[in-house]
Amino acid sequence: MELIILTPTGEIFRGEVRQVTLPGILGKFTVLDHHAALITALCEGTILYHTKDGVKELKIKNGFVEVNHNKISVCAEQ
């Protein structure tokens, strides 16, 4: 899957990931390969994403995410 994380100051990450855990407004959720399409708001918390180099994390204040055809696009404020 491709993950793109954007903030008002620029692109934080763009690359291949195995899974992503996000702080949704109704609770944390994990996106895996072939996840159903969705758009949802994010709340304060931590995004965890698994790359070939290990697990990385990014703290955010809020934002939103779109998942579609194995592409995860996150717009967030830090």
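This is a predicted model: local features need pLDDT of at least 70, side-chain atom pairs count only at pLDDT 80 or more; totals for chains, interfaces and linings use all residues.
Local features were considered at pLDDT of at least 70 and side-chain atom pairs only at pLDDT 80 or more, while totals for chains, interfaces and linings use all residues. Residues are numbered from 1 along each chain as its sequence is written, and side-chain values use heavy atoms, with hydrogens and water left out.

Strand S1 covers residues 2-7; strands (E, at least two residues) and helices (H or I, at least four residues) are DSSP runs, numbered from the N terminus. S1 pairs with strand S2, residues 10-16, in the antiparallel sense over 6 bridges, where pairing requires that DSSP finds at least two bridges between two strands. The two strands S1 and S2 form a hairpin, with 2 residues between them. S1 is also joined to S9 by 5 bridges, and S1 and S9 run parallel. Glutamate 2 illustrates both pairings: glutamate 16 stands opposite glutamate 2 in S2, and lysine 71 is the bridge partner of glutamate 2 in S9.

The largest nonpolar core contains 19 residues. A nonpolar core is a set of buried Ala, Val, Leu, Ile, Met, Phe, Trp, Tyr and Cys residues joined through side-chain atoms within 4.5 Å. Buried means under 20% relative accessible area, exposed over 50%, and partly exposed in between (1.4 Å probe, protein chains only). Leu3, Val20, Leu22, Tyr49, Val65, Ile72 and Val74 touch the most other members of this core. Two or more residues each are given by S1, S3 (19-24), S4 (27-31), S6 (45-51), S7 (54-60), S8 (62-68) and S9 (71-77). S9 provides the largest share, 3 residues. Contact means heavy atoms within 4.5 Å. Not counting residues up to four places away in sequence, leucine 3 touches Phe13, Arg14, Gly15, Val17, Val20, Tyr49, Ile72 and Val74.

Threonine 7 also lies in S1, and counts as buried because its relative accessibility is 11%. Its side chain makes a polar contact with the side chain of threonine 9 at 2.9 Å. A polar contact is a pair of N or O atoms within 3.5 Å; within protein, one must be able to donate a hydrogen and the other to accept it, and residues adjacent in sequence count only if both atoms are side-chain atoms. Leaving aside neighbours within four places in sequence, threonine 7 is in contact with Ile12, Ala76 and Gln78.

Lysine 61 is located in the loop between S7 and S8. Lysine 61 and glutamate 44 are separated by 17 residues in sequence and by 4.1 Å in space, C-alpha to C-alpha.
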